[in-house]
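Hello,

Here is the structure you asked about, followed by a few notes on it. Please keep it open while you read.

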Amino acid sequence: MTSTTLLTPARSSSRPEGVSSFASVRGDLRSYVRSLVVLDTSVLTVAVLIGYAARFGDSTPSGVPYVLFAPGLVLAWLVSLKVMRCYDNRVIGYGADEYRRVSMASLRLAGAVAIAGYVADLGVSRGFLAISFAVGIIGLEAARFVARKRLHRARSRGSGWSRRVLVVGDATHVLDLVHTLRREPYAGYHVVGACIPDGLLAPVAQRLGDVPVVGSFRGIPEAADTIGADTVAVTASGELTATRLRRLGWQLEGTGIDLVLAPALTDVAGPRIHTRPVAGLPLIHVEAPEFRGPRQLVKGFVDRLGSLLALALLLPLLLVIALAVRLDSRGPVLFRQVRVGQGGREFAVFKFRTMVTNADALLAELVSRNETDGLMFKMRDDPRVTRVGRLLRKWSLDELPQLLNVVRGQMSLVGPRPPLPSEVARYDGDVARRLLVKPGMTGLWQVSGRSDLSWEDGIRLDLYYVENWSLAADLSILWKTVGAVVNGRGAY
């Protein structure tokens, strides 16, 4: 199918509606920023009060007038957050940069206060400052996390502050970018229109999917103004030369509309991308993924140490589950199944048994009732699952014995889903890259919907992890796994 066949007739947007929406978005943004300022002020006030109470208790310190110093510290902290652009709409609401800036603003202020106190000999209690900054940093990060989750839920419902995006490029690339942005609505990029090459325009208004075509490359600023877009996202097109892009940037100056370039390179994490100016060109250097070396050794050490600690802490729970499985139905407590690990090596994965003992024999009768696409079999109300098994699956407790696989070095705490040999036998070249790292007890698939994901989305997430893994990302996934397990979405 060519790109021109993707176009369908549609009604064009009207200017009053677009302008009204633009004003509404700006109002939502200002409201969200104000709520962050109020939240930060409250957190910092509480942090300073805790620092004072923990250091001095009921006594009244002499020398430094803390009744004046404490409010001044809160005000200086807020100014530091502002200077570090912690309220910039380009960083709030999505990504790790917001948390990083909050921490850096706090640590820099702490250093400045410490130096000023030493030089001027202010006599401020170091215990008061240490407790205040420790509580303040943790409180600010936690408050931002809560505020962001509320914003994400609002965005997923179609409300809350989001950027209104005009996508510019060839029809096929526009549709690809629209699909990518809509895959994660909580990121806050709401596509409201598209501009395509002049040759694709028709006398009547058109749509790309359900996105209205509002103009061509000749009138991008006017189209953005008409539909009230606050962001122009440019994707690939042979007609968008460097000169035209530079002129577009000039045309958008002073309009309050951001210009975003979306390269064809996708599913590459930020730490692997470095922009280097060469001869006036911003060349993007992409580092190769790392599958061995010191970082992998550290990951293996962390995996085994973490799994040993988890086994020690969870031993009473494991014994209770084992007894429940044994009493609920006939058969062994543990279920062993051959899976494929790193480098295509097969191993026996351990799970608490959640099905009847002849489950494999009954599978042939249920194949026609498979509820997922791709190579996996998933069924929401699988009759082979036992009563205790349903409870274990809902809370992912059946996978706890896989900690033994982690200790033995066959699995990792975080990684792609361990596939069956029958699945691997049908892998193509791209999907086989999942086997470059150890499979994990949890992963991006676990925190993104589990069995509710399509086969294609599950593979995309696994490959993204393989290419972009890091210890920091592993910790983030482990933290999100707790929420995914408690929520129970996609567990069956």
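A residue counts as buried when its relative accessible area is under 20%, as exposed when that area is over 50%, and as partly exposed in between. This is a predicted model, and 42% of the 492 residues of its chain count as buried. The chain has 15 helices and 13 strands. It exposes about 26300 Å², and carbon and sulfur atoms supply 61% of that area. Of the contacts between residues at least 6 apart in sequence, 73% join residues at least 24 apart.

Inside the chain

In soluble globular proteins, nonpolar side chains tend to be buried together. The largest nonpolar core here has 34 residues, and those with the most contacts inside it are Leu73, Trp77, Leu81, Ile92 and Phe128. At least two residues of this core come from each of helix H1 (15–56), helix H2 (66–83), helix H3 (97–120) and helix H4 (126–156). Another core, of 24 residues, lies apart from it and includes Leu318, Val349, Trp445 and Leu461.

What does isoleucine 92 touch, leaving aside its neighbours within four places in sequence? Its contacts include Leu29, Tyr32, Val33, Leu36, Cys86 and Trp161, and also Glu98 and Arg144.

Val298, Phe301, Val302, Leu305, Leu309 and Leu471 make a nonpolar surface patch of about 520 Å². Helix H8 (residues 294–328) gives the largest share of the patch, 5 residues. Valine 298 lies in this helix, H8. Is valine 298 buried, partly exposed or exposed? Its relative accessible area is 38%, so valine 298 is partly exposed.

Regards

Key. Residues numbered from 1 in each chain as written. Predicted model: local features only at pLDDT ≥ 70, side-chain atom pairs only at ≥ 80, totals over all residues. Heavy atoms only, no water. Patch = residues over 30% accessible without salt bridge, like charges linked within 9 Å, V, L, I, M, F, W, Y side chains within 5 Å. Areas by Shrake-Rupley, 256 points an atom, 1.4 Å probe, with all protein chains shown as cover. Salt bridge = Lys/Arg side-chain N within 4 Å of Asp/Glu carboxyl O. Helix = DSSP H or I, 4+ residues; strand = E, 2+ residues; numbered from the N terminus. Buried < 20%, exposed > 50% of the residue type's maximum accessible area, 1.4 Å probe, protein only. Contact = heavy atoms within 4.5 Å. Core = buried A, V, L, I, M, F, W, Y, C linked by side-chain atoms within 4.5 Å.
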